[in-house]
Amino acid sequence: MPLPPPNLDDRSFQDIVDETKRLIPRFTPEWTNHNVSDPGVALIELFAWMSEMVLFRVNQVPDKLLVHFLNLVGIEQFPPTVARADLTFWLSAPAEQSVHVPAGTQVSTVGTAETDAVVFATVDEAVVSAPRLRAVHTCRAGQEQTTDGWDDLTYPGSSLTAFTSVPLAPGDATYLGFAEPLAGLVVRLSVAATAEGVGVDPLNPPLAWEVWGGEAWLPVRVHVDTTGGLNRDGDVVLRVPAAHEPLTLGGEAAHWLRARLLHPVPGQPTYQASPRIRSLSAHAVGVTVPAEHAQAMARESLGRSVGVPAQSFRLSAAPVARRREGEEVRVIDHTGVTEWTEVEDFAASGPTDRHVVWDSASGEVRFGPRVRHPDGTVRQHGAIPPDGAEVVVTGYRHGGGAVGNVGAGTLTALRSTVPFVSSVENLAPATGGVDGESVEEAKVRGPLSLRTGERAVTARDYERLTRETSVEVARARCLPARGTGAVRVLVVPQVRTSPLTHRIDDYALDRRLYEQIAAVLDERRPVGVAVEVGTPYYQGASVAALVRALPGRPAALVSQRVSDAVARFVNPLTGGPDGTGWPFDTDLSAVTVAQLVESVEGVERVEEMVLFEYDLRTGRRLGVGRDALRLDPHSLFLSAKHQVVVR
């Protein structure tokens, strides 16, 4: 199917003739014969025919020329971004010696007859080695002093009391100190325990596993727990995050992993007594490595310089992912090899600066032009590679797009052989893949960018630049920081799971995303303006409702529908009247929620409705029920546990 050509001027032959005849009385009123036989009218029709031919050719301007027009004013299309995922490599047996997973290891989805396989490659090299447990400590809630429990755990016939407060208090913890960091590893703790911690639900124990990340304790995901909360013999398989730093506890410096007793949520049973651990050993059974939807390309020669300004070379594959360390342009001549620095443009480049512009969308590598100024002087922006010099790139990565946003558990085909690795999978969906910007989208964005010159001046500028920084930014809010005179930018990251399962930890700002946003805003802020990047304060909102169901409607079904509707409505991403996220500076009223509930299928009427503030960390309601919850300018509502009674 051919693409429809752009219609820049829709005037036809007859339109031009009629328009010209209407101008005759204004410029030559003495011309009164407008018949077809008149020589002047014949000339009008001749020039109309020629004009129609010109308009026809103008209307054939392809999108490629439109792209060049945009480039002339400094508007370049955004290249596609690569999707990222964490790949977990499972070992065939616990590591007894170092196991290496090289950078660039390829893993893909299983291709079908209709779809091609989506290939991911690991970003960094990972090394799996056997963990060495060398210290064990226990600590009571609210105390900083720890107690050495090494002898209790290792001496034959003895056992370690995991939580030492009497009675047990949330915050009690057992600390396991390792000689080397466990960052990125999948660790299996083989536990021999005595069932002393009675009363707890073995499928839902009030335990949190954490590691020290350098500034705070970071949560560790529990993959499997067959110990029933350290209450019986079994294994606890933990996925340790990528950060694990040393810390000194009780005079011992080690890399600490701790099991902390939590305050039970409503309806969750807790321990009546502390579990006792007779023995514990740690084994590395896997490793989690970041990967991206991009194909690594080897060193490539782009051609030879002819010694003139504004040279350009094109890579064999495009688009190109954002460059990493070691991916650069080099020029090789008789004097040796020189490295050239990539810049966004040549505006600040001098005649001796080895600068190059690398267009990610087209894969084009450009060298500096020579510009003539009004006074007649000519200035070279960026150095010129010597005549005959070879231009090479040391490597790059090709790929990206929304096709890389594959679901959890789909990256299972290991395309590169890795010794001692039996299988691989992505336990979470891949995110971040976005298709490249189309010409139509660039035409809409262009005028908006030109109005501010890509500078952050107004609050809307800060918000727009923040949203354009990464696809992982869902919302942005700019407001003055209190008491400092600085600008505060609040970022709501993208969360692609169901809003019914959103928790406060899902809205934490990733360090990589934080650094990316901070770098963009720092480059575009006015001189003397400080910028603070953070997240909103998420205020929990809990609804207690008494509703009456229509006859014949199951009460449990109606209750679930009401809870789901409220959870979607009171949400930073899907909430609010228009479903695009709860608005800033907008309070939550019981009347608004009641109107929402009454629209739920199966609800006859709402008999009672009250709202509670909710502590999202402790899982408790705060204060008494209210008719409305107020929202601070720097806050957003996040749905908490709701209670719906159906009659």
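Where does Pro167 lie? In this predicted model, Pro167 is found in the loop between β8 (160-161) and β9 (173-178). It's joined to Val166 by a cis peptide bond, with omega at about -5 degrees. Another cis bond runs from Ala318 to Pro319, and here omega is near 0 degrees. Pro319 also belongs to a loop, the one between β20 (312-314) and β21 (329-333).

Backbone torsions turn up a couple of other spots worth a look. Leu230 isn't a glycine, yet its phi is positive, near 65 degrees. Leu230 sits in the loop between β13 (221-225) and β14 (234-239), and its relative accessibility of 4% is why it counts as buried. Ala310 has a positive phi too, near 55 degrees, and lies in the loop between β19 (300-304) and β20. With a relative accessible area of 48%, Ala310 falls in the partly exposed class, since exposed would take over 50%.

On to the nonpolar packing. The largest nonpolar core has 52 residues, and those touching the most other members are Phe89, Phe120, Leu189, Trp209 and Leu257. Strand β17 gives the most to this core, with seven residues. As a rule, nonpolar side chains tend to be buried together in soluble globular proteins.

Helix α8 makes for a quick geometry check. It covers residues 555-569, and at 1.5 Å a residue its 15 residues should span 21 Å; the end C-alpha atoms are 21 Å apart, so the two agree. The buried residues of α8 include Val558, Val562, Val566 and Phe569, along with the polar Ser559, Ser563 and Asp564. Together, the buried residues of this helix pack against β34 (537-549), β35 (588-589), α9 (590-598), β36 (603-615), β39 (635-639) and β40 (643-646).

Aromatic rings pair up nine times in the structure. One of these pairs, Trp340 with Phe367, is edge-to-face, with 5.2 Å centre to centre and 90 degrees between the planes. Trp340 is in strand β22 (residues 336-342), while Phe367 is in the loop between β24 (364-366) and β25 (370-372), so the pair ties together parts that are 27 residues apart in sequence. Both Trp340 and Phe367 are buried.

Arg323 lies over the face of Trp358, 4.6 Å from the ring centre. Likewise, Arg621 has its charged end over the ring of Phe612, at 4.5 Å from the centre.

Finally, there's Gln268, in the loop between β16 (252-261) and β17 (276-292). Its relative accessibility is 14%, so Gln268 counts as buried. A polar atom of the Gln268 side chain lies 2.9 Å from the backbone oxygen of Asn204. Setting aside neighbours within four places in sequence, Gln268 is in contact with Asn204, Pro205 and Pro206.

Technical notes: Residues are numbered from 1 along each chain as its sequence is written. This is a predicted model: local features need pLDDT of at least 70, side-chain atom pairs count only at pLDDT 80 or more; totals for chains, interfaces and linings use all residues. Side-chain values use heavy atoms; hydrogens and water are left out. Helices (H or I, at least four residues) and strands (E, at least two) are DSSP runs, numbered from the N terminus. Buried means under 20% relative accessible area, exposed over 50%, partly exposed in between (1.4 Å probe, protein chains only). A polar contact is a pair of N or O atoms within 3.5 Å; within protein, one must be able to donate a hydrogen and the other to accept it, and residues adjacent in sequence count only if both atoms are side-chain atoms. Contact means heavy atoms within 4.5 Å. Rings of Phe, Tyr and Trp (its six-membered ring) pair if their centres lie within 6.5 Å; planes under 30 degrees apart count as stacked, over 60 as edge-to-face and the rest as tilted. A charge sits over a ring if NZ of Lys or CZ of Arg is within 6 Å of the ring centre and within 35 degrees of the ring normal. A nonpolar core is a set of buried Ala, Val, Leu, Ile, Met, Phe, Trp, Tyr and Cys residues joined through side-chain atoms within 4.5 Å. The expected span of a helix is 1.5 Å times one less than its number of residues.
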